[in-house]
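My notes follow in the order I took them.

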Amino acid sequence: MALVTPLALALLLLAFTVSLLYLLRKPTPPRSGSDGTQRQLPPSPRGLPLLGHLHLLGSLPHRALRSLAAAHGPVLLLRLGRVPAVLVSSAAAAEEVMRTRDLAFASRPRSAMAERLLYGRDVAFAPYGEYWRQARRVCVVHLLSPLRILSFRRVREEEAAALVERVRDAGAGGAVVDLCEPLLVYANTVVSRAAFGDKSARGLYVDGDKGRVLRKVFTDFNELLGTAPLGELLPGLGWVDAVKGTEGKIRRTFEALDGVLEKVIDDHRRRRQAGRQKGEDSDDHRDFVDVLLDVNETDNEVGIRLDTIEIKAIILDMFAAGTDTTSTAMEWAITELITHPHCMRKLQDELRAVVGIADHHVVTEDHLDKLLYLKAVVKETLRLHPPIPLLVPREPPNDAEILGYHVPARTRVVINAWAIGRDPASWDRAEEFMPERFLDSAVDYRGQNFGLIPFGTGRRGCPGVGFAVPTVEMALASLLYNFDLAPAAGTSLDMREVNGLSVRLKSGLPLVAKRIKPVFVN
Ligand code: HEM
């Protein structure tokens, strides 16, 4: 996270100096509950005044937090600047938060960034309550239902074919391609076409200056959502965000996105009006904007009514939640396969066996059900590299409990899915990439197995799993059916991570893509 300017650094150093004096004092024992009764708080490592435990997070908090949990236990009380937080790092503790006491932990903390960028009316950051219940129902029942997801099958197949062509063209003559770029374009285009429909999405992703500017706006949007403003964590430092330009960037990004959404919604309204006059009313190819306008215009069975701002907020949520996460999962899958050539071979053998080898053969979604090793590869990738390693924080509005520890009301609850996925208590040879572990196993990521929770679970679990998984599988199958991927001669992959809205590869994924067979273009 690019949070620190020289000015902020000076302030942090000052805080450190004050803290050194404080360190000479005895640590404070855990305090009682908010109503004054004595209840046992989770253990808490020694913190610093002002910063609390913020300085311990480092640049990759999921890693630092796993070390803290190893030293102090699976449920820890931390203070991130002025924000109290409980860190959950075991499957048993996660199960208590997301299943046993799911209702108590079904709210989210307030995020000033999300309020600014998502109109304070989205789903993912909304506090638990009537608005969230209704908006989430719209997502689950209307936008992301199995039937709706199936209706985007053609989008995924066409975009996977376009991805293959893009990689073929960029890698012509043995040129090195940073695969992260085409994978992100693929994830973005699939979500854009589902959200806006083919016509409007094509307008957004045109090549040339306009397309580039818009892609940059969406990149900034994801980057901002992955940033915690300093002022939110440390009292009195809100002005630092203004000085370093975050405020201006938020305003510009918000205005640009708002303009795009206004135009797309207006176009849809006009087209729908014209279609109604012609008597057209087909549900087959409705995009998200159409579906939300239907909810907006009709009195439906549960009386949900969305206004234009809420429609814009929900659409932006789909971009925020569904693009970086999906492309990150694909990046890590390819990275692990390249560093485990026997797994790559096994997957490519499976692809040839299922899809066939004739030149005109292409991967379609009909093949996905038969690609069992591919499914195991995706699960193993999400176990070792959950794209959002600390999930999305929860916040109990009232006093609550985790594994017998008292959790005071409005404490932020952070679940380290990355540490849980690598916990030797749940996994044999936990640090190793072994897709075979899933071949004869019913374990999956849909929320019944708390050792594997890349999508969270319970009331706030990800409603986009059914959209994300075929998107990831189609791209991986199409790429690995068509290309042998390898680092350029004399280089190896840099597997270091960088933190953001999702945790991605720091140096990208520079590869040579050697065509296995002529790419068939339909
Ligand atoms: C590999 C891809 C994805 C991953 C790893 C992922 C992960 C997550 C996680 C960890 C959460 C928070 C869960 C919790 O608090 O228990 C979440 C929430 C959410 N995700 Fe996903 N997601 C992915 C793709 C998608 C897609 C494609 C969409 C929609 C098109 C989507 C829509 C949402 C929404 C709307 C929420 C908020 C749910 C709520 O707060 O009620 N996600 N996702």
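**Entry 1**

I am working from a predicted model.

I then checked one pairing. Three bridges link strand 3 to strand 10 (residues 510-515), in the antiparallel sense. Which residue of strand 10 is the bridge partner of Val177? I found Leu511.

**Entry 2: helix 20 against helix 7**

I turned to the other contact of interest for helix 20. A packed helix pair is described by the angle and the distance between the two axes. For helix 7 (residues 153-170) and helix 20 (residues 465-482), the axes come within 9 Å. They cross at roughly 40 degrees. Helix 7 and helix 20 are therefore oblique to each other. I noted the crossing of this pair as right-handed.

I listed the residues that meet. Helix 7 brings Arg156, Glu157, Ala160, Leu163, Val164 and Val167. Helix 20 brings Pro470, Thr471, Met474, Ala475, Ser478, Leu479 and Asn482. By class, the contact of helix 7 with helix 20 has eight nonpolar, three polar and two charged residues.

**Entry 3: the iron**

Which protein atom is the donor to the iron atom of the ligand? I found SG of Cys462, at 2.3 Å, and this is the only protein donor. I also looked up where Cys462 is placed. Cys462 is in the loop between helix 19 (417-421) and helix 20.

I moved on to an open sheet of three strands with the order 1-2-6. Its pairing is mixed. The edge strands are strand 1 (75-80) and strand 6 (412-415), and each pairs on one side only. Neighbouring strands of this sheet are turned by 30 degrees against each other on average, direction ignored.

I followed strand 2 (residues 83-88) to strand 6. The two run parallel and are joined by four bridges. I picked out Ala85, whose bridge partner in strand 6 is Arg412.

Two helices came up here. Helix 2 (residues 61-72) packs on the sheet and touches strand 1 and strand 2. The direction of helix 2 makes about 130 degrees with that of strand 1. Helix 3 (residues 91-100) lies across strand 1, strand 2 and strand 6. Helix 3 runs at about 130 degrees to strand 6.

**Entry 4: helix 5 against helix 14**

I checked one further helix pair. At what angle do the axes of helix 5 (residues 130-143) and helix 14 (residues 308-322) cross? I read roughly 60 degrees, with the axes coming within 12 Å. Helix 5 and helix 14 are therefore oblique to each other. Their crossing is right-handed.

I wrote down the contact residues. Tyr131, Ala135, Cys139 and Leu143 come from helix 5. They meet Glu310, Ile314 and Met318 of helix 14. This contact of helix 5 with helix 14 counts six nonpolar residues, no polar ones and one charged.

How values were computed: Residues numbered from 1 in each chain as written. Predicted model: local features only at pLDDT ≥ 70, side-chain atom pairs only at ≥ 80, totals over all residues. Heavy atoms only, no water. Axes fitted to C-alpha atoms, helices over the stretch in contact; angles between N-to-C directions. Parallel < 35°, antiparallel > 145°, perpendicular 65-115°, else oblique. Left-handed = near helix turned anticlockwise from the far one by under 90°. Contact = heavy atoms within 4.5 Å. Nonpolar A, V, L, I, M, F, W, Y, C, P; charged D, E, K, R; others polar. Donors = N, O, S within 2.8 Å, 3.2 Å for Na, K, Ca; no water. Pairing = 2+ DSSP bridges.
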